[in-house]
Amino acid sequence: MNTARRGRYFEELAQSYLKDRGWRVLDRNVRFLRKEIDLVVARNEVVAFVEVKGRTGTAHGHPLEAITWRKRRAISLAARMWMAQSDFRAEVYRFDAIAIRLVPGGDPELEHIEGAWWD
């Protein structure tokens, strides 16, 4: 599986996981200039901008280690642009992360970190 296909697979897993927990997907793969938000989801009065990171092994560390301060800054900028252009309003906006690890011969392991960082 190539990198782009694997990324889409991880995003599909994350989207399914969130929907099963009552989240509604507002947007997916939102791009502003060269910045991207994987998922924008809402539940109750919360909108979460979700970064999805996955790994197929342990050689490159935990998936969340790939969310650097530069990546967080880019997602924050894209989130502000999304909020400015969207008619959807919420009481709370936050940044979440979903880490996915593919385990050989087992089910994917998902970890949802609510409020993974703040802008």
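Here is a walk through this predicted model, from its sheet to its helices and its aromatic rings. Because the model is predicted, local features need a pLDDT of at least 70 and side-chain atom pairs count only at pLDDT 80 or more, while totals for chains, interfaces and linings use all residues. Residues are numbered from 1 along each chain as its sequence is written, and side-chain values use heavy atoms, with hydrogens and water left out.

Let's start with the sheet. Five strands form an open sheet in the order β1-β2-β3-β4-β5, with mixed pairing. Strands here are DSSP runs of E with at least two residues, helices are runs of H or I with at least four, and both are numbered from the N terminus; two strands pair if DSSP finds at least two bridges between them. The edges are β1 and β5, each of which pairs on one side only. From one strand to the next, the twist averages 30°. Strands β2 and β3 run antiparallel and are joined by 5 bridges. Look for R43, which stands opposite V46 in β3.

Both helices described here pack on this sheet. Helix α1 touches β1, β2, β3, β4 and β5, and its direction makes about 150° with that of β1. Helix α2 (residues 69–85) also touches β1, β2, β3, β4 and β5, at about 60° to the direction of β2. These angles run from 0 to 180 degrees between N-to-C directions, using axes fitted to C-alpha atoms, for helices over the stretch in contact.

Now follow α1 itself. Its 18 residues (3–20) should span 26 Å at 1.5 Å a residue, and the end C-alpha atoms are 26 Å apart, which agrees; the expected span is 1.5 Å times one less than the number of residues. Buried in α1 are F10, E11, A14, Q15, Y17 and L18, where buried means under 20% relative accessible area, exposed over 50% and partly exposed in between (1.4 Å probe, protein chains only). These residues cover an arc of only 160° around the axis, so they sit on the same side of α1; the arc is that of the directions from the helix axis to the C-beta atoms. An α-helix has 3.6 residues a turn, so residues three or four places apart point the same way. The buried residues of α1 pack against β1 (24–32), β2 (35–43), β3, β4 and β5, whereas the face turned away carries the exposed residues R5 and D20. Just after α1, G22 takes a positive phi of about 90°.

In helix α2, M81 is partly exposed, with a relative accessible area of 27%. Leaving aside neighbours within four places in sequence, M81 is in contact (heavy atoms within 4.5 Å) with F32 and L33.

Finally, turn to the rings. The structure holds 5 aromatic pairs; rings of Phe, Tyr and Trp (its six-membered ring) pair if their centres lie within 6.5 Å, and planes under 30 degrees apart count as stacked, over 60 as edge-to-face and the rest as tilted. The rings of F49 and Y93 are stacked because their centres are 6.3 Å apart and their planes at 15°. This pair links strand β3 (residues 46–55) to strand β4 (residues 92–101), across 44 residues. F49 is buried at 1% relative accessible area, while Y93 is partly exposed at 24%. F95 and W117 are also stacked, 5.2 Å centre to centre with 15° between the planes. F95 lies in β4 and W117 in β5 (residues 109–117), so their pair ties together parts 22 residues apart in sequence. Both F95 and W117 are buried. Together, F49, W82, Y93, F95 and W117 form one aromatic cluster.
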